[in-house]
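I opened my notebook to jot down how the pieces of this fold sit against each other. Here is what I looked up.

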Amino acid sequence: MQNNPFELDAMDILEGIRPWVEIESPTTEPDAVNRLVDLVEGEFETAGLQVERIPGRGQRGDHLRARTPWGGDGPGILVLGHLDTVHPLGVLHNQLPLRIEGNLVYGPGIADMKGGAYLALNAVRYLMAQGETTPLPITFVYNSDEEVGSRTSKALIEETARQAKHVLVCEPGRNGGSVVTARKGSGRFTVSVTGRPSHSGTNHADGRSALKELAHQILQLEAMTDYERGITVNVGVASGGTRPNVVPGEAVAEVDLRMSTPETAEEMAGKILGLQPITPDVAIAVTGQLNRYPYTKNEAIEGLYQHAKRLAAEIGLDLPDIATGGGSDGNFTAAMGLPTLDALGADGAYAHTYNEHIFLDQLVPRQTLLIRLMQTLM
Ligand SMILES: [Zn+2]
């Protein structure tokens with residue numbers, strides 16, 4: 001039996017999450033994302049936090065930074081969340097309507113991560129309604145481009161994190177309530193090949209096939225995968241050529257790199273950026289960069305995790321931790337050396353699919369854990 005010291009109610013919490021899910025917010029639709037930003041900004045203000053709204057750039061929505069009125073600008077707790085989702089507009093009304101089926105609550109972004117972003121805001125709202133303050137000030141950064149790599153919010157997150165002692169990330173719980181204490185780092189690259197087009201019937205020998213060169217490069221890239229060292233290189237998209245009877249003059253591939261350690265991050269990025277042509281008379285150009293550095297479990301992260309695990313035990317929750325290949329904004333703060341604990345949001349499953357859901361009976365324990373973390377972190 002789980003302990004509910006704050007007499008929280010799962011249906012009340014779900015009613016609070018509902019409007020967040022009912023405003024669809026795909027990363028690529030800044031106007032839609034900003035309608036959710038409006039709602040969340042209002043909730044922070046009504047709760048009594050100081051809110052800044054940072055205008056979006058480059059076809060992305062706005063970001064929010066909100067701070068509790070206590071603690072001045074001293075170091076505190078940073079809560080990271082994102083308001084964007086991977087689901088296109090319309091999914092809510094077609095493939096994934098918001099609905100309760102037994103213990104499962106379905107909806108686009110309900111797990112990843114509107115549920116968790118709501119729980120964190122609601123935790124501080126709850127505390128403030130009780131007239132409580134916390135030992136440390138709490139700052140929230142809720143961005144609108146996490147699902148595409150946080151390019152327009154990374155600097156905001158890092159700048160805010162410089163004032164943080166602990167970082168709590170409200171991505172969804174994993175595999176039955178696990179939190180995340182390590183994530184792979186990632187990079188994205190584009191390999192462009194320029195060959196020489198020619199008529200494949202009359203002038204085949206004059207042509208230099210960009211696709212043939214790209215095929216060599218793809219095999220070379222894929223061979224960089226080394227599971228033992230935690231490195232994967234995936235060529236996820238490739239295209240080139242114009243017609244079957246033309247030796248292709250252009251070809252391009254998109255590459256996703258993941259790695260487990262900071263050393264292999266630089267090493268692998270260097271290898272990919274340094275690719276050289278294999279066949280004669282073609283040119284290759286590689287662009288791209290590392291995006292998220294690996295988030296590796298160190299002593300400080302272990303300490304924060306053990307603290308959370310003790311609090312979880314008090315409310316009857318087992319709180320296993322896992323490492324995952326997927327990145328999050330927690331990678332940025334962990335790479336800065338800050339104790340970062342991720343996947344503290346709603347417990348759920350099947351994020352990024354039409355089966356995305358959260359577990360109703362885990363809302364109260366998860367809400368309680370966030371409140372307890374805010375009350376006890378020093
Ligand atoms: Zn997420």
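Predicted model: local features only at pLDDT ≥ 70, side-chain atom pairs only at ≥ 80, totals over all residues.

I started with helix 2 (residues 30-47) and helix 3 (residues 110-129), which pack at an angle of about 20° with their axes 10 Å apart. That makes the two helices roughly parallel (angles under 35 degrees count as that). Axes here are lines fitted to C-alpha atoms, for helices over the stretch in contact, and angles run from 0 to 180 degrees between N-to-C directions. Helices are DSSP runs of H or I with at least four residues, strands are E runs of at least two, and both are numbered from the N terminus.

Residues are numbered from 1 along each chain as its sequence is written.

Which residues make the contact? I found Glu 43, Phe 44 and Ala 47 on helix 2, and Leu 121, Val 124, Arg 125 and Met 128 on helix 3. Contact means C-beta atoms, placed from the backbone, within 7 Å.

Four strands form an open sheet in the order 11-13-9-14, with antiparallel pairing (two strands pair if DSSP finds at least two bridges between them). Strand 11 (232-240) and strand 14 (283-292) are the edges, each pairing on one side only. The twist averages 15° from one strand to the next.

I also saw that strand 9 (residues 185-194) and strand 13 (residues 250-259) pair over ten bridges. Val 193 stands opposite Ala 251 in strand 13.

Methods. Parallel < 35°, antiparallel > 145°, perpendicular 65-115°, else oblique. Contact = placed C-beta atoms within 7 Å.
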